[in-house]
Amino acid sequence: MPAAVKITLPKLSANTKPFANALKLSMAAQVTGAKLVETAGEAVTFVVSSNVTLTDANAALNPLVIKRRIDQAFQNAEEIISKHGKAFAKASDNVTIVDVIYYGTLFETFSSAKEPSKYPLLAAWFDVVSKNSKVVAGIEYIKEQVHVFFFLVNTNKGAKPKKQVHAEKKVTKEIPAPVINTATQKVTPNIEAKTVNPSVKVLPKENERNILITSALPYVNNVPHLGNIVGSTLSADVYARYCRARGYNTAFFCGTDEYGTATETKALEEGVSCRELCDKYNAIHESVYKWFDLSFDLFGRTTTDKQTEIAQDIFMKNYNNGNVIMETMTQLYCEKCSRFLADRYVEGVCPHCKYDDARGDQCDACGKLLNATDLIKPRCKLDGNAPITKDSNHLFLDLGKLQPEIEKAFIKSSEEGKWSANGIHITQSWLKEGLRQRCITRDLKWGTPVPLKGYEDKVFYVWFDAPIGYPSITANYTDEWEKWWKNPENVKLYQFMGKDNVPFHSVIFPGSEIGTGEKWTIVNHISTCEYLNYEGGKFSKSRNVGVFGNNAEATGIPPSVWRYYLMSVRPETSDSMFTWNEFITKNNSELLNNLGNFVNRGIRFIFSKYDGVIPKADFSGKLEVELVKDVNALLKQYIETMEAVKLRGGLGVAMAISARGNQYLQEANLSNALFDETRPKCDAVVATAANLIYLLSGLLSPYMPATAESICRQLNAPLRNIPDEFTMDILPGHVLGGAEYLFTKIDEKMEEVWKGKYGTGSS
């Protein structure tokens, strides 16, 4: 074995040149099969065979990274890969020393790049190398060595270690577990965020911004999967929490949609009554949403007396105003079942796109709404029998008559409320085609009864009835529900849903409200999602493919990590894909290495050197002035993005602020040397860092409420609001509460474990 040679590097900490150098050595050892061996106390020996040479030749990148000219470094790397593509790995199992050198230089900066898509060749190559198991092992090894003083490398004989001038002292004093102690708090008054108080009913207030938020009512007959959750309930919760943190007077309602054919069908399958089925699944939904930390003011249900009362009142006012038409309708009747077949009891070929398994009310393939009699080759879902046609009297809402007012409301709301593009497009296509009479009754038992003579054996169609669940759930929350729902001058209504639910919220429900002749609160903003798919395919409960609400809890991964991941891939403008690989990578790279590193490094240093007490500081230094300027620009962007309900973008901006915090600590060289030699500067750095961490707790609280709470416990500060500007609100003399890790590393081997348990899209 060649003799080992010692190379001395300063104390390792993230975002430093020594860290990058150590990273390259460690990855090179893994890739070449060499050994990286710790020497007790002071050193690590890097043993390489005599014919291996590691030369850091990427002079085009190193100086730029050191000088923080990051975009230029990325551009240079893009050009190098374009010109010398053959030298760089195209597959993760083909990584060489060349890849190690460039990857080690760019690892920390490109991992947190704001717009990696600007550098497609670099991004593709970076992704390939990131998936190499040996590279990952090298990275993890170095992260574990952050508290090791020296490295030993077997490269050149006779090299001597340089003297370590400022080796960081070990912290012998134990840092306490975080607790809130108001007696030792010194913070700016009136910065606490609003939260849900179950003992206080939220009602609109004069001269305040009153925000009413709903998420699409989930069908009671199933367990929601991740696509359902991110598409409506989670997205609505993020916005509700944002609004509260901004000080808006906010109410947030949802509940299970329990009436209709889907419930009857599921009850038949399970051999229980409709009520028993609804009780079972309502509890499941409520449990899932509670675990995901959703902050409803009330999560209710539609099978209530208030639902019957309000739905029948809306119907009768439309009926008395001449908006309801009685007609005979030819329906499908199953002679074997001896019953009229509601839409969801019928399947067949879609007349528009020829999809084989279209439902009687809507085609899942093309999205067109249907009548069951429109289907080609219809069949009874219960027994497969071909039904006959038979007449039945029904009631229709005359949407054609109401179209001028519906269109007027749509134009006003979509422009003022800045609807998502697909919400506007879907509604426009309906209006352009021309609204027609729409049947609002069904031959069912399980539903809201029709209060009209001759229709005693019928119930309201679920898509007339279900949206009325929003006001009825509110009515079960407060008897003064009309202050929210009949107050268009003072209330703005924000509704969250998947794209297939848009017409019922933008056309049918507003039409029902307008048809009463009363001043109802009409939707101000519709936020829609496309589809979240799973590992190259679709979620399927029947095939045990995909992660459903109760599965997420079973993984042992905290809700905040799930919330972060789902919102980071929220399908706002196009379909997106859940993959376990990306889930693990985002936890380990974005949460652990970016946010977790910034918070942990700052708070633990304050305990190590300042006993957890914030010092008095001068914030007029160049680094502090530049930081405040940059953060305020990003904060403005965050607020504008969130006000436009671009929730995925808002999360990206918040994480960019965290990355800017890491950059600040690097530029300031937060270290023992800074503390020992330039105490006033160190005072400014730690006080600034503590306040930036506090700001981040507010910005991230809509997305990761438990994480925000942990940060505030560590800071010993109240949950903070989201301000217009970054200010120093943790004051000199304030005592921090303690320290705890925000995130833990997920073993990459879990990807295959979870795929085996929850399937893949091709399963």
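Strand β7 (residues 298-301) runs parallel to β6, and four bridges join the two; strands count as paired if DSSP finds at least two bridges between them. In this pairing phenylalanine 253 stands opposite leucine 298 in β7. The model is a predicted one, in which local features need pLDDT of at least 70, side-chain atom pairs count only at pLDDT 80 or more, and totals for chains, interfaces and linings use all residues. Residues are numbered from 1 along each chain as its sequence is written, and side-chain values use heavy atoms, with hydrogens and water left out.

β6 also pairs in the parallel sense with strand β5 (residues 210-215), over five bridges. Here leucine 212 stands opposite alanine 251 in β6. Together with helix α7 (residues 226-245), β5 and β6 make a right-handed β-α-β unit; right-handed means that, with the strands pointing away from the viewer, the path from the first strand over the helix to the second runs clockwise. Helices (H or I, at least four residues) and strands (E, at least two) are DSSP runs, numbered from the N terminus.

Eight of the eight residues of β6 (residues 249-256) are buried, that is, under 20% relative accessible area with a 1.4 Å probe, protein chains only. Asn249, Ala251, Phe253 and Gly255 point one way from β6, while Thr250, Phe252, Cys254 and Thr256 point the other way.

Helix α16 is mostly covered too, with 13 of its 14 residues buried.

How values were computed
Buried < 20%, exposed > 50% of the residue type's maximum accessible area, 1.4 Å probe, protein only.
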